[in-house]
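Subject: A structure for you to look at

Hi there,

Here is the structure I promised to pass on. Please have a look at it in your viewer, and then read on for my notes.

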Amino acid sequence: MSQPERNGMAATPLMQGIEALLFVADAPLSAEELAALWERAYGTRPEAGEIEQAIAALNDVYEKTGRIFRIYRWGGGFRLATMASVSPLLQCYKQQEIKLSQTLLETLAIIAYRQPITKPEIDHIRGVNSDYAIRRLQELELIEIKGRSDTVGRPLLYGTTRRFLEHFGLNSLDDLPELPELQQLLENPEIQREHLRLLYPLEPEQDEPSE
């Protein structure tokens, strides 16, 4: 049973879907993007008004059940975030010593040495999905979104933050130490070809006109 149902309100599939998408999204999602994702998954497209109503209903549930997060309008879209009242507590948590696993260190190194870089590029270099690592590094404020690539689909570009420099005792990215093994990996011809393919995808070949 979902949280809204436990509190006397039936959660609609659209409410659950929006909540799930905003929970995992690493950037604000517009009503248009939410509708497009829903249509891609289920074959029907909700109206903008339905999206707005579902978000309002979710916020109503959060308020009535004493939750500390809300769905906010943010950068032209919507984002699930904690309320300002708990900011001091979260800041204390973030100021704790950051401990990075091997997976996080590997992902962070790739971003640091190849920024700005897209998730597909990171995945290709590592050979595995990097969703968790990227999300966790963002939570630790070691990486941030730098913009969007001009390639097909306009994937997000990631780069390091000022907190990254402070954590590793660097004045600037020019102070990054040379890592021969990582450099050798990044200079691998296959990786280089994939990097170029992602940055500059070839235009689809057009069929020659029939005579």
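Below is what I found, going from the whole chain to single residues.

This is a predicted model, with local features needing pLDDT of at least 70 and side-chain atom pairs counting only at pLDDT 80 or more, while totals for chains, interfaces and linings use all residues. Residues are numbered from 1 along each chain as its sequence is written, and side-chain values use heavy atoms, with hydrogens and water left out.

**Overview**

The chain has 11 helices and five strands (DSSP runs numbered from the N terminus, helices being H or I with at least four residues and strands E with at least two). Of its 211 residues, 36% are buried (buried is under 20% relative accessible area, exposed over 50%, partly exposed in between, with a 1.4 Å probe and protein chains only). Of the contacts (heavy atoms within 4.5 Å) between residues at least 6 apart in sequence, 50% link residues at least 24 apart.

**The hairpin**

Strands β1 (residues 69-74) and β2 (residues 77-82) run antiparallel and are joined by six bridges; two strands count as paired if DSSP finds at least two bridges between them. Y72 has R79 in β2 as its bridge partner. Two residues lie between the strands of this hairpin, where G75 has a positive phi near 55°.

**The three-stranded sheet**

An open sheet with antiparallel pairing has the strand order β3-β5-β4. Its edge strands, β3 (117-118) and β4, each pair on one side only. β3 is joined to β5 by two bridges, and T118 stands opposite L157 in β5.

**Helix α8 and its surroundings**

Helix α8 (residues 131-139) has A133, I134, L137 and Q138 buried. Seen down the axis of α8, these buried residues fall within an arc of 130°, so they line one face of the helix (the arc is that of the directions from the helix axis to the C-beta atoms). Which elements cover them? They include α6 (102-114), α7 (119-126), β4 (143-148) and β5 (156-160). α8 lies across β4 and β5, at about 110° to β4; axes are lines fitted to C-alpha atoms, for helices over the stretch in contact, and angles run from 0 to 180 degrees between N-to-C directions.

**Cores**

The largest nonpolar core has 22 residues, and those with the most contacts inside it are L100, L108, I111, L137, L142, I143 and F164. A nonpolar core is a set of buried Ala, Val, Leu, Ile, Met, Phe, Trp, Tyr and Cys residues joined through side-chain atoms within 4.5 Å. At least two residues of this core come from each of α6, α7, α8, β5 and α9 (162-167), and α6 gives the most, with five. A second, separate core of 16 residues includes I18, L34, A57 and Y62.

**Two backbone details**

E141, in the loop between α8 and β4, has a positive phi near 60° without being a glycine. E141 is partly exposed, at 32% relative accessibility. R154 sits in the loop between β4 and β5 and also has a positive phi, about 45°, although it is not a glycine. R154 is partly exposed as well, with a relative accessible area of 41%.
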